[in-house]
Every structure is written in structure tokens, then in C-alpha cells.
Amino acid sequence: MAGTLALVGVFLIGTAWYSLVERWSWQDAAYMTVITLATVGYGETHPLGNRGRLFTIALILMGVITIGYIVNRFTEAVIEGYFQENLRLRQRRLFMNSLSGHYIICGFSRTGRQIAKEFQAEGVLFVIIEKDLDSMQQAQQEGYTFYQGDATLDETLLRVGIERAICIVAALPSDAENLYTVLSAKTLNPSIRAIARASTEEAVQKLERGGADVVISPYITGGKRMAAAALRPQVMDFVEGVLTGADRQVYMEQLVLDPAVCPVVGLTLQKACLRAQTGALVLAIQRADGSVIGGPTGDTLLLPGDLLICMGTAEQLRSLNQIIEPINTKSRRRSQRK
């Protein structure tokens, strides 16, 4: 900006000199100034005396200095931008290579944005895949880690560490794209948990056959929640607050009983004294075979591989996690609560 203003100033000075001092027309004065600053080597528009030639020499020097400054600033900006972009790409590549035990969100539409907000509130490590430039710019503005690419391609999933991720959420607008994404993810990492979005009941069935662990239809789920809010409003408000409330005081968490590290495996709930030690409430137990025990009693036996669904305050759940998982493993999401 400063260089451009300086060049305009030199042009005006030269034009004014030739017009007012040498008594040329404004057109001839402007033409003489331009060819002088451009150093094209044309002859004088009108004969010049010693005074006029000395001024022309000074005008050439001012023009060369000003144009040189502009070229230098432009080159510096291009080079700095190039190296800064390369540095950003290298840092992002190194970060992607270091990802482990993370979540992957495919698609940053309205659904993907809400998922990202929930993940950020939970403090989990996640990366977003999106190919639309406008959506990527919005993800960047919100400070999310992202990768621009097609989530249906194996190369893209490998770039974001699919083989080291623990969960992938396919929230793309097309059911076909979500199906391709789930198939690719399960091929590259058979143990990954795949959650997919579906628009129709037929798509739900196809995604389940394609390997998705959980398939959610916004229309079906939304209808069920609206019906529940109409029929059982207080219950729905409580559950909604526990699951998604930003300023909630009570949380729900799931914890897996690993016999290698968990000291309460083989004990009953009464003997484990989880409620007495932590204050957290065990709402349900899912056995390794998939069966669920709702409202377990004190005589319920804790078996290896059981998944406990618990409720309590942030501090209570942290205390419970320290008992059940005394060794912090990287294969599961940490029980961080804010």
C-alpha cells in the first residue's frame, strides 16, 4: 500500500513539473512521466534544458527506488506466504501422524457441526474430514482440527490415522457416501466403532449390513424425541439435560470392566462398594454377550467385560473411573468432565 502511494506521488510530481515548469500540456507531461518511470528508452517528448534533464534524472531514480520497493515487498510476501503455508502443512501432517485414540467426523454440515460441539464440550480428541472449501473455512474459524478431502477414499482416511482411531462418525449428506465411508473404515480398521447417519429406513438397513455399529436417522430419532417430550416432558427434560446440557451438574458415563486392571471384577455390587466409595450410581450393566441388566441390585455380580452405565457428578465419576480403571489406557476416551 505504501509503495503504491509513493509511486502515485512520484507520478504526480513528475507530471506537475513538466506541466508547470516546462510549460507542457498535461497529456504530454503525463506521457513523459510514464515513459521515464517505465525506463522504456523513448526520446524526450519536447527538448529539455539542463534543469529539465537534472529533474528527469531525479525522477528516474525516484521511480526505480519506488518500483524496486514494491517488487521487493511483493516478492517477500509471496515467499513468506509460500513458506508459511508449507510450514502449516508440515505441522498439520505431523499432528495427523501423531493422532491416536481419536474420533473422526466425516462431514461438517449441520449435523457434523453439532457433533463437533459435543465432542469439544466433552474434551475428546477429534479431527474433521470435509471436502467443501466453505465448510472447511468455518471449521478453521471455530478452531477445529480438520483435513480437506473425500472421506469415502482410503487415502483420506489413512491421512487422518484411521488405523489408530477408536470411532468414526459418518455424517455426510448422502447415504451412499456414508455407506462407502463405513465400508472403507471397517476395511482399514476392523475394530473401529462406526456411527453413521441415514436419511431413510432402507438406508439404515444397508448401513447396518455394511458394518455400521450404530445407525441414526435424524428424522426417526427426532420424531421419537418429540413424542417423548410430549408424553413425558419432565423425564425428557432430565435426560436431555444429563446428555447434552452445557451447564449440567449430573453426567452419564460408560466404563468397561477390564479383568487385567479392574479390582472389582468377580465381586457383587454390594461388596464392590462403588456407590459408598464414590457416590456414583450404576444404572445398568451390559454383559459381554450383549444382554442388559437394568437397575442392578447389590447381589448383581460384576463379570469381566461388563460395561457399566453410571450417573453422577463430575467428581463422582472421576472417583469411580479411578477405581475401575486405575491404569490409564490410550485405547479409550478419558473420562474428562468440565
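Student: In this predicted model, what makes helix H7 roughly parallel to helix H8?

Tutor: Helix H7 (residues 175-188) and helix H8 (residues 201-209) pack at an angle of about 10 degrees, and their axes lie 9 Å apart. Angles under 35 degrees count as roughly parallel, and therefore H7 is described as roughly parallel to H8.

Student: Which residues make that contact, and how many of them are nonpolar, polar and charged?

Tutor: From H7 the contact draws on Asp175, Asn178, Leu179 and Val182, while H8 contributes Ala203, Lys206 and Leu207. Sorted by class, the contact of H7 with H8 has 4 nonpolar, 1 polar and 2 charged residues.

Student: What classes of residue make up the contact of H1 with H2?

Tutor: Among the H1 residues that meet H2 are Leu7, Val10, Phe11 and Tyr18, and the H2 residues they face include Trp26, Met32, Val34 and Leu37. The contact of H1 with H2 has 11 nonpolar and 5 polar residues, with no charged residues.

Student: Why do strands S7 and S9 count as edges of their sheet?

Tutor: The 4 strands form an open sheet in the order S7-S10-S8-S9, with antiparallel pairing. Strand S7 (251-256) and strand S9 (292-294) each have a single partner strand, so one side of each is left without a neighbour in the sheet.

Student: How do you know that S8 and S10 pair?

Tutor: At least two bridges are needed for two strands to pair, and strand S8 (residues 281-286) pairs with strand S10 (residues 307-312) over 5 bridges in the antiparallel sense. Within this arrangement, Ala284 stands opposite Ile309 in S10. Helix H13 (residues 314-324) packs on the sheet, where it touches S7 and S10, and its direction makes about 5 degrees with that of S7.

Student: What makes the meeting of Glu177 and Lys131 a salt bridge?

Tutor: The cut-off for a salt bridge is a nitrogen-to-oxygen distance within 4 Å, and the side chains of Glu177 and Lys131 meet at 3.4 Å, N to O. Glu177 lies in helix H7 and Lys131 in the loop between strand S2 (126-130) and helix H5 (133-141), so the pair ties together parts that are 46 residues apart in sequence. By the salt-bridge rule the count comes to 7.

Conventions
Residues numbered from 1 in each chain as written. Predicted model: local features only at pLDDT ≥ 70, side-chain atom pairs only at ≥ 80, totals over all residues. Heavy atoms only, no water. Axes fitted to C-alpha atoms, helices over the stretch in contact; angles between N-to-C directions. Helix = DSSP H or I, 4+ residues; strand = E, 2+ residues; numbered from the N terminus. Parallel < 35°, antiparallel > 145°, perpendicular 65-115°, else oblique. Contact = heavy atoms within 4.5 Å. Nonpolar A, V, L, I, M, F, W, Y, C, P; charged D, E, K, R; others polar.
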